[in-house]
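Please look over the structure shown below.

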Amino acid sequence: MAEHQIEDPKIAFAYLRPSCVLLTKEPTTANVEALSGHLRSVSDGVLQQLQDYILFPLRFVLKIPGSKREGLIQAVMEAMTYVLENTCVQSWDSLRDLFSELCLCLCSPKDPGKPATTSEELKLAVLRCLDALIHSAYGDIVFKLYEPIMLPGLGAAVSLLLALAEHEKARGVQAASLKCLLSLFQQCNCEEEHIEPGQNERYLLGRALATFLPGISRALGHVISGDVRQGHAVTVKAMQVWYKAFGLVMADEQLQKTDSDEAAGDLGRVADLVVKRTPSWQKATSQRLAMVLQKIISCTSGHPHWRVRLELVNLSYFLLSQCSQSVGECVGPLLEALVGAVNDEEPEVKDRCSAALDEVAQKGQDFTDILSENLHSLVSSLPRVMRTSDDQRKLFVLNVFLGYLKILGPKVDAVLTSAVHLERISKALMQVMELDVTDVKIIEERTLKSSTDLRPDVHQIPSQRKYFLYFTDDKIFSALRKICRMLGYYGNLYLLVDRFMELYKESLVYRKQAALVLNEVIVGAAGIGVEMDSSRIDCSGKNQEDLKSSIMSIIEEYISLSNWHLPTVSEALEGKLEYMTPLVPNNLERNCLQLLPASKTPTLHQLNSNIWQICIQLEGIGGFALALGIDFRLLLMMSLYPVLEKAGDESLLVSQAAFSAMCDLCKACDYSSPKELVMKNSDYLLNDVSLNLARPSIHPHAPRVLAVMFTHSDASLLPLVADVVQDVLTALDLSYEQRTPQFCTVLHSLMKALVRWFPASTGCQKTPSKETQNKECVNLRQFLLDYKKQKELAEGIGVEEEDPKDLDVASPASDEDMDGPAEKRELPLHIQIAKDVMERCSHLLSDSNLRIRLKVLDILELCVCVLCEMEDELLPMVHRCWPALLHRLTNDDPLAVPRAFKVLCVLGELCGDFLRKRVSKEVLPRLTSSLKKQEEISARSGPVYTHTLAYKLQLAVLQGLGPLCVKLDLMEADLDRVIDACLPYLSCRQPIKLQEACLSVFRSLMDLDTDLCWFSLNELCCPVTYEPPHPHLLPVTLTGSDKPRNQFTDNVLKLLQEFDAPQEQDAT
């Protein structure tokens, strides 16, 4: 725009006249552009006065017969757009003529009903000009476009614009044509000033658009449901045009007024185009539009772009607020679309939907029947949708379900009193929430580190992910949980609990789903995870009592024998099925249970189903505790024992679910940790354990509870539990064959707890490194003193002298003999328990079951660690256990030997000299011969060998042999045997880990006999030739000096370099 615009009309006329005259004579693109440039030097006020004069040459160019270049027409459109944007069209005739001329520019010369096949740029220029024309109409002259006499021309324009929006491939043209339609319908939402139509004008506009409503719905329906690649902007604009036109025609306020037949005789054939919006027309149109609306909702409800979903919310709210009475058939789909966005992932969509729902909910009395019918229809189709649709569609349908509940609010209670609705909703939830229990990993995940192995202060572990049969997306499960909680929050709690408990008892197929729903219903009834509503706050006291009553009845059903003691492990995994003992003698009652007769092994499917059922029930107990809060303490006596029972289950999923439930109990009942929970309630827990230990056929899992208690407690529990431990040991003696695995688990937990409660100060952890250092410091001095003494003894010096120390040694014994035997002092409780347990281990070490033997070896190791501070008690017990342990070391399964060898290493560290002769005579020959026998096999083997039991046994022995020799201080002959067995493993042909373990053996033996190790290695490979320091001395030739480089060279050189390193340090 020019810096100084012309403000004088006369000057402006003189300035523009040459360009206008030249354009009329020579209609070229250059002349149009010249005129356009001159127009920008004239002010808007002057342009308004000269509007007709300026537009005349431009319109003249358009009227010239014959074909014209597109560039010329485009330049004319741009010039006219500039004029119209900066002026107002004040004459109806000008508006009508310009409107007709612009529409002619859009249509095809050969077929005026279709758009012309011109360039995208030209179409955009014409559409912008048309939009500017409609915006420039002054006053109310634009409403003359919607009078009946103008219906043919208006219809032609609407058809052209719809055709461009529907068939044009260019996004810009589509968007521009849709924007023109909005402007033409006086519904434009741009930033320019608009004429706000009054009631009469809106009526006139609605009557005119009623004629074109079928075509508008058809064309825009195609655009909205078109390819996603057309872009979200086109879809949004098409939706705006559709519902704004729909709202104008079907507005409630308009249809209350009867269409008149004014001047119908003067219209001629045009009168046939005028639509009379009678009740019958209204009903028929509503039915047809409902089908279009269903199509639009299905295409846009799950659209990937959030602005399209936002526009669907606007569409639903606009039509519900403007046309709810006139389009009764559409209210249902509109509500469905609106509530479907209540949980949209985009915050702006969610907020807009919530605001719209709040306004609609205020008119809930008008929509209650429709919402109820829609809810019934939705839940009826829900199972089919969940089986056949994709996850996106499933999530939308569930969000619609949730939205209905939110709109109904407290009226959900009234809906649920309908038996038909309650039946449909409950059965739909049962079918939708069916779990997938075919995964073999469920039964495979055993308790390698269960809650009995967790630290007492460990915090809550992550919740388990459930896998469902008909969906995989976690968002779908989250939506289902919200639905159940909303039902519990707004519905009648007793009614819901009774219904789902009925389904829980009715069939095994529904049991897990019913428990899931019950858990969420209770949590929702407590207001957890639900948007609070003031409508139920006033009855919170009553609800707390109702909640407690319902929770008690559900927990009683959950922990009943038939639903709690379910088999979770197969006979093949357990060795023998311990859970098949009939817990209920009544045959009829047994048929209702998931317990199987002893002759029938449960299938994988049944075991997985049982595991998930127990997990869901445990989650429910935790959720119930959170729902009741501190009031749940009154229910701990009935629920804590069963939860601890499952915390010791062998199934990983069950034990983790039980521990999570314990954490929930702590949070709800105001305990700081599971440890405090167990300690504060240990009195009645131990009472139940003691009683149930005497009834193993009915309560076979009492030892599990005791094991979990040991894990989550401290030393203050020991005096309380001492009698129960004796009961366990007595029961083990009496029912050795039937219940050994369970009792071993308890004893293992007990000994782990004792090791944790009474850590050894120094007796169990010797410090050989310091002793070795001191030994090295006095080695030379002690050697010389011993040498001097031995020399004097050899020469007879001091033989007859009596050592006064020898006389003093006997005096305490004589005093003791005179005073009589000393009273045996009472042992500490934990020492006595460890002795009793270790005594049982001496017998159980010979059990025929490998799993029991392995468990007993672990228990034995822990017992030794507890007794290490009292050597007088430890050594006799080691003597008693030695024969059985020796058998495990020398003649047992390859799985048991490494574990037994580990126990031997611990014994060697603590007992030392007591075991030296036994190991030297009974163990070492077997171990070394086994190593020699296997060395050739391992040297020739490939990578697969490292996965065999033989390899693992070799590795375990080599890793522990060196420290064992040091702790027992073995003599030279035994060291020779060990060195001879280990030397072959220095070969580079052995597996890497075996070589590393062998190197560790030699590093340990260096502390015992450095010279022997050095000589043995040099016999194998001697890298240095030793020259005599004096000519009179004979040269020293070692066997290894003549050997060429071989498979042992690298490892031997590595060890010899380590020999030289300490010598160099001493020299410095």
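## Terms and ground rules

A crossing is left-handed if the near helix is turned anticlockwise from the far one by less than a right angle, and right-handed if clockwise. Helices (H or I, at least four residues) and strands (E, at least two) are DSSP runs, numbered from the N terminus.

This is a predicted model, where local features need pLDDT of at least 70, side-chain atom pairs count only at pLDDT 80 or more, and totals for chains, interfaces and linings use all residues. Residues are numbered from 1 along each chain as its sequence is written, and side-chain values use heavy atoms, with hydrogens and water left out.

## The whole protein

The protein has 50 helices and 0 strands. Of its 1068 residues, 52% are buried. Buried means under 20% relative accessible area, exposed over 50%, and partly exposed in between (1.4 Å probe, protein chains only).

Take contacts (heavy atoms within 4.5 Å) between residues at least 6 apart in sequence: 78% of them join residues at least 24 apart.

## Helix 35 meets helix 37

Helix 35 covers residues 702–711, and helix 37 covers residues 736–757. Their axes come within 8 Å and cross at roughly 10 degrees. Axes are lines fitted to C-alpha atoms, for helices over the stretch in contact, and angles run from 0 to 180 degrees between N-to-C directions. Helix 35 is therefore roughly parallel to helix 37, a label for angles under 35 degrees. The crossing is left-handed.

Helix 35 contributes residues including Pro703, Leu706 and Phe710 to the contact. Helix 37 contributes Phe743, Val746 and Leu750, among others. The residues of this contact divide into 9 nonpolar, 4 polar and 3 charged. Here Ala, Val, Leu, Ile, Met, Phe, Trp, Tyr, Cys and Pro count as nonpolar, Asp, Glu, Lys and Arg as charged, and the others, Gly among them, as polar.

## Two aspartates with positive phi

Most residues other than glycine have a negative phi. Aspartate 670 has a positive phi, near 65 degrees. Aspartate 670 sits in the loop between helix 32 (652–669) and helix 33 (674–680). Its relative accessible area is 58%, so aspartate 670 is exposed.

Aspartate 969 also has a positive phi, near 55 degrees. Its loop runs between helix 46 (949–968) and helix 47 (972–982). Aspartate 969 is partly exposed, at 36% relative accessible area.

## Leucine 718

Is leucine 718 buried or exposed? Leucine 718 is buried, because its relative accessible area is 3%. This residue belongs to helix 36 (residues 718–734).

Not counting residues up to four places away in sequence, leucine 718 touches Leu754, Trp757, Phe758, Leu829, His830 and Ile833. Histidine 830 is 112 residues away along the chain, yet the two C-alpha atoms are separated by 7.8 Å.

Conventions: Angles under 35 degrees count as roughly parallel, over 145 as roughly antiparallel, 65 to 115 as roughly perpendicular and the rest as oblique.
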